[in-house]
Amino acid sequence: MRSNQELIAAVHFSPYRGNFVVAGGGSELISMLLCAPGASRTVLEACVPYSPSAMESYLNALPEHFCCEETARRLAACAWLRARRNTNPCPTELFGFSLTATLASLRPHRGEHRAFAAFQTQNRTVSYALQLTKGENDRAAEEKIVARWALRLLADACGVEESGEKPIHDCRPSEGLRRVFVGEIPFVLFYRDLTTGEMTQSETLPSEPIAIFPGSFHPFHEGHAQMWALAERTLGRRVALELAILNADKPPLDFAEIEMRLRQIWASFPGNLIIVSGLPFFLMKAETFRNADFVVGIDTLRRMNDARYHHGSVELRDISHRRIAQTGAKFLVFGRKNGDTFETMDKIALSPALQEICVQMPECQFRNDISSTELRKRASERRS
């Protein structure tokens, strides 16, 4: 097994370069990399979003758990996207590497001491976990253990030396998903082959008009299924779910996350069409799927109407809404419970252009108070 210095030198002279994000524990990895000659060949950026507000800013949302495998993957995907924005053209070897850990501190942690790491490229999402023995080492010793572990994973991902570690996820996308992820195409369509029953992909939509139901579907649940069925009957056309890799107010999806959500959706979705897109904003969706009917919940409509999502400008919001209307887009809006009331679009002061293209589904036809957030919370409580 090579020493730290030998591994670092080999990493620096590999073709891989990218962004690092370390959420507190394990930050010694960054020092190790930067203190060795040739660091500029590997490190484009190194961030340590330590406070909750810094983490929220980096991820575009506050994670439900700071130290977990999912958050490590989300951080790595964000790091890759940041690296891509500053690197043109985007090489295959460009990466995002993340590390998040719960280590010894001034106040004892209730849970275990552990670490999670993830590595993201345009061709791969890989993640790992490390369990530490609580109370066996002090903070400084645990930092060194985690940094050494992370360095070995980095060396493995860069093709320098196999770590021997077994990943939690090691996902490599289809060519269509890869092209969406890097922005080469706007979407890929998944549908179930009626002959084989297997999931098939296409980079084009069906020839007949379809409606689009955007959402994170985390998880897909009974309320989504009811909205989908009612939308198909109301609109008189097939409705495709749309899962966006990029979102205006959520972290990006990595390949493992996309795979898990597609698997969960297919298990309970009564329809046959799922679109995975790289379209975070409704103007982009409307311009890509022209003359489309969109199926949305009131929460989505409220965000569309909020000037914060238009650089804080009501004028820019109204321009965006007028441009959406010019594409021929229409919106079928479903209400939901908000506190003690059932909220519908008549409770929101919509822009004139948005108001004109929205139709409210009456509460007497649809009312389901189930929440994806609440379902995830219950699942987390059952696991803990």
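In the predicted model, Ser-320 makes contact with Leu-283 and His-310, residues up to four places away in sequence being left aside. Ser-320 belongs to helix H11 and, because its relative accessibility is 11%, counts as buried. His-321 is likewise found in helix H11, which spans residues 314–326. The relative accessibility of His-321 is 1%, so this residue is also classed as buried. Beyond residues up to four places away in sequence, His-321 touches Met-304, Asn-305, His-310, Ser-351, Ala-353 and Leu-354.

Confidence was examined along the protein chain. The mean pLDDT of the chain is 91, and 95% of the residues score at least 70. Among the elements of the chain, H11 has the highest mean pLDDT, 98, whereas helix H13, covering residues 372–383, has the lowest, 61. Where pLDDT is low, the predicted coordinates should not be read in detail.

An open sheet is formed by 6 strands in the order E2-E1-E3-E4-E5-E6, with mixed pairing. Strand E2 (43–47) and strand E6 (169–171) are the edge strands, each pairing on one side only. From one strand to the next, the twist averages 10°. Strands of a sheet pair through backbone hydrogen bonds, either parallel or antiparallel. Strand E1 (residues 17–24) runs parallel to strand E3 (residues 94–102), and 8 bridges connect the two. Within this pairing, Gly-18 has Phe-95 of E3 as its bridge partner.

The pairing of E3 with E4 is antiparallel and extends over 7 bridges; here Thr-100 stands opposite Phe-116 in E4. E4 and E5 also run antiparallel and are joined by 8 bridges.

Helix H4 (residues 69–85) lies across E1, E2, E3, strand E4 (114–121), strand E5 (124–131) and E6, and runs at about 145° to E3. Helix H8 lies across E4, E5 and E6, with an angle of about 90° to E6.

Helix H1 (residues 4–12) has Leu-7, Ile-8, Ala-10, Val-11 and His-12 as its buried residues. These buried residues pack against helix H2 (28–34) and helix H5 (139–157).

A further strand pairing involves strand E12 (residues 293–297), which is mostly covered, with 4 of its 5 residues buried. E12 pairs in the parallel sense with strand E13 (residues 330–334) over 5 bridges. Asp-293 is placed opposite Lys-330 in E13.

In soluble globular proteins, nonpolar side chains tend to be buried together. The largest nonpolar core of the model comprises 40 residues, of which Phe-190, Phe-213, Leu-241, Phe-269, Ile-274 and Phe-334 touch the most other members. Helix H8 (residues 255–268) gives the most to this core, contributing 6 residues. A second, separate core contains 35 residues, including Leu-33, Phe-119, Val-126 and Leu-151. The contacts of Phe-213, with residues up to four places away in sequence excluded, are His-224, Met-227, Trp-228, Val-239, Ala-240, Leu-241, Glu-242 and Val-295.

Methods:
Residues numbered from 1 in each chain as written. Predicted model: local features only at pLDDT ≥ 70, side-chain atom pairs only at ≥ 80, totals over all residues. Heavy atoms only, no water. Buried < 20%, exposed > 50% of the residue type's maximum accessible area, 1.4 Å probe, protein only. Contact = heavy atoms within 4.5 Å. pLDDT = per-residue confidence, 0-100. Pairing = 2+ DSSP bridges. Core = buried A, V, L, I, M, F, W, Y, C linked by side-chain atoms within 4.5 Å. Axes fitted to C-alpha atoms, helices over the stretch in contact; angles between N-to-C directions.
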